[in-house]
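Please consult the sequence and the structure while reading.

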Amino acid sequence: MEYVELGGTGRTVSRLGFGGAPAGLTNYLASYSPEDAAQRREVIAALERALELGVTYFDTAPAYGDGASEAIYGEVLGDLGDEVFVATKVLTRVADVRASVEGSLDRLQRDTLDLVQLHGSSYTEAEADAFLAPDGLVDQLETLQAEGLIRHIGFTTEDNNRAVYRFIDSSRFDVIQMCYNLLYQHPAEWTRPFGSMFEAEDAGMGVVTMRTVTSGLFQRWVQWVNPENTFDYTPALLQFVLSNPMVDVALVGMRDAEIVEANVRICENLSGRIDLRELHAKYV
């Protein structure tokens, strides 16, 4: 397994991260229910195999199945302390931030949360104002941080708008979790270069990617334009993201041990990495 320091957190984590949405969301990307005992056991086996193979970064959220993902994680990760880095989230519309964090602590069976992130996709200017204001959402998280309930604060985003840059510039966040993959390269435009990933890197933030292998969109497109295709693009898609030196952790949702094994082997294959600057070069 390949490891890296997560921004300025001082924590070393695996570059392959275990994404928790598939563990909690019913029928997300495939037929599945966290209430199905057999399927739940498969996810637990996948988590256990990930630990055996050196994965140490685990991402989840209360919104993934109304706490179902966190509860499954807790069964496996609860007693491991600093052996693993567990990231969860708080909904930006939540009424009681403390209750949300305490609920996550209970479901995850942990005394401290390594990272709590604002769980959003796109933030308006008004939302950014409110979250950063005195007594706003970030203030409340910082209070819980001072009490030792959480260690680091971050935010998730699928956008690249002004609010994202404001959050980065505020210096109040340790980690950014962003949508970035072969299809969605807007956070890191290498031909200039510019983008929110470059700004986060310059600010010393940890960078975590979601939708790393495009959540099946690239594969769907290939199937449409080439129905006879039999090639598995997953290794290339994962290697594309891991080839970006600014990316600390590439999250991949995994529900079974075989998928975990395959993704770990991809991550370990350093020969699959490419030079992104060279890839985008227009002159030879």
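The text below describes nonpolar cores, salt bridges and a surface patch in turn. The model is a predicted one.

**Nonpolar cores**

In soluble globular proteins, nonpolar side chains tend to be buried together. Here, the largest nonpolar core comprises 72 residues, and F18 and F155 have the most contacts inside it. Apart from neighbours within four places in sequence, the residues in contact with F18 include A46, L47, Y57, F58, L251 and M254. There is also a second, separate core of 10 residues, with L6, F85, V208 and V249 among them.

**Salt bridges**

Side chains of opposite charge can pair when their charged atoms come close. The whole structure contains 20 salt bridges. Three of them are listed here.

| Pair | N to O distance |
|---|---|
| E52 and R49 | 2.9 Å |
| R107 and E70 | 2.7 Å |
| D129 and R166 | 2.9 Å |

E52 and R49 are separated by about one helical turn, because they stand three residues apart in helix α2 (residues 37-52). E52 is exposed, at 58% relative accessibility, whereas R49 is partly exposed, at 25%.

The salt bridge between R107 and E70 links distant parts of the chain, namely helix α4 (residues 97-108) and helix α3 (residues 68-77). R107 is partly exposed, at 26%, while E70 is buried, at 0% relative accessibility.

In a further arrangement, salt bridges with shared partners join R11, D82, R110, D114 and R151 into one network.

**Surface patch**

L217 belongs to helix α9 (residues 217-225) and is partly exposed, with a relative accessible area of 31%.

Definitions and conventions
Residues are numbered from 1 along each chain as its sequence is written. This is a predicted model: local features need pLDDT of at least 70, side-chain atom pairs count only at pLDDT 80 or more; totals for chains, interfaces and linings use all residues. Side-chain values use heavy atoms; hydrogens and water are left out. Helices (H or I, at least four residues) and strands (E, at least two) are DSSP runs, numbered from the N terminus. Buried means under 20% relative accessible area, exposed over 50%, partly exposed in between (1.4 Å probe, protein chains only). A nonpolar core is a set of buried Ala, Val, Leu, Ile, Met, Phe, Trp, Tyr and Cys residues joined through side-chain atoms within 4.5 Å. Contact means heavy atoms within 4.5 Å. A salt bridge is a side-chain nitrogen of Lys or Arg within 4 Å of a carboxyl oxygen of Asp or Glu.
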